[in-house]
Amino acid sequence: FQEPPWLQDHTVDCLRLNGICQQKLTALVFDAGRGMLVPDEARIYGICAQRAYSTGTAPILEDNELSTRPTQGGNRRLTQLAKTATRWTVPLQKELISKGASITAEFYGNKARGMCTYKLPDPFGLFGGPNVMNNPEPWLSNSTGIFEAPGIALLGWPSAFLGALPGPGTSTLGSASGALRALLAKNSVEVSSDEELQYRKDTWYVQYDAVDCDGPPGTFGKFQQDRLWETADLADEFSCMAARCDTDETVQDPEVCAETWGCTRNCVYCSSRASTTWEQGICYTREAEDVARCADLSGVVLEGPILDERLGVVRGGPVCAMPHRHLKYCTRPGEQVRRCAHYGE
């Protein structure tokens, strides 16, 4: 067996873990083979699932909650972590979906100890967050100006561009031709003075930088790096002579740390339109019961013939497509993944 065709050879984690709201988790389990506590990935998966969905199973708790909450009936691990549990969208998840985001489990963040995350608005398409290009209607129903990069339609036509499309009797510097004015009016674009254009631009960035995380107080915190490249503190040759653990933040073993050498540079703003920052497909189901309650699943009902890539035949609709359901939670009976690699068929 080979790697699936939709996986790339390298995934840069700083792209996926930038521009997010995060809730770091403490969920550890003792690994007898290694003789140490390790992240309980199954519990991390379940905790984040219950942040987004009502599953009908007993609450899955972090370590600090396990020591303070009395034992409840139905707390068997297999019952809690059932991947086939019903997933009704909770109010917080519905609010996030209206903004093009969705809660998911992230196993590599928090120094590989796990956390729950969702993406912040990404109007420039830099780190895989929602914007008007990758989340059209009705996927992005709560669309405000911060989901679209500030362009001419938002800021207005700069006075420096008035010489475009010059006509008879017009100056290429000081006035706009009739053809240009007609074109701007047709596309509902205003002519802005330099002061007005700068004011609108500053106002947009203030609104964009003021975006904060949804959720109960003390849960999700914002993590978005500056829009600059900076070197690390220990990037000079002399500092590189010392053993350092922060070349690989997943190193927790003192013996391994002592053998770890090298310098790092800190990329405090990673930008890429690489598809590794996005989901590589869409979750959907043909089950009649789920199609009937598609709105409760925050999905979209699609009609018409759709190719079944597993059977290789065209099947009729309808189906309930869930564009904001992360693929790691597409596990209930009847739910399938339509991979991006199959869209050309």
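## A buried aspartate and its arginine partners

D290 is buried, with a relative accessible area of 4%. In this predicted model, the side chain of D290 meets that of R293 in a salt bridge, with an N to O distance of 3.1 Å. Both members of this pair, D290 and R293, are buried.

D290 also forms a salt bridge with R332, where the closest N and O atoms are 3.4 Å apart. D290 belongs to helix α11 (residues 288-292), whereas R332 sits in the loop between β15 (319-322) and β16 (335-339), so this contact ties together parts that are 42 residues apart in sequence. R332 has a relative accessible area of 15%; because the cut-off for a buried residue is under 20%, R332 counts as buried.

## The loop between β15 and β16

A salt bridge links R325 and E335, with 3.2 Å between the closest N and O atoms. R325 is placed in the loop between β15 and β16, and E335 in strand β16, so the pair ties together parts that are 10 residues apart in sequence. Both R325 and E335 are buried.

## Salt bridges across the structure

The structure holds 10 salt bridges. As a general principle, side chains of opposite charge can pair when their charged atoms come close.

Strand β2 (residues 28-31) pairs with strand β3 (residues 36-39) in the antiparallel sense, over four bridges. Within this pairing, F30 has L37 in β3 as its bridge partner.

The two strands, β2 and β3, form a hairpin with four residues between them. In the turn, G35 has a positive phi of about 70°.

## Helix α2

Helix α2 (residues 41-52) contains 12 residues. At 1.5 Å a residue, α2 should span 16 Å, and its end C-alpha atoms are 17 Å apart, which agrees.

Which residues of α2 are buried? They are R43, I44, Y45, G46, I47, C48, A49 and A52. In general, an α-helix has 3.6 residues a turn, so residues three or four places apart point the same way.

Technical notes. Residues are numbered from 1 along each chain as its sequence is written. This is a predicted model: local features need pLDDT of at least 70, side-chain atom pairs count only at pLDDT 80 or more; totals for chains, interfaces and linings use all residues. Side-chain values use heavy atoms; hydrogens and water are left out. A salt bridge is a side-chain nitrogen of Lys or Arg within 4 Å of a carboxyl oxygen of Asp or Glu. Buried means under 20% relative accessible area, exposed over 50%, partly exposed in between (1.4 Å probe, protein chains only). Two strands pair if DSSP finds at least two bridges between them. The expected span of a helix is 1.5 Å times one less than its number of residues.
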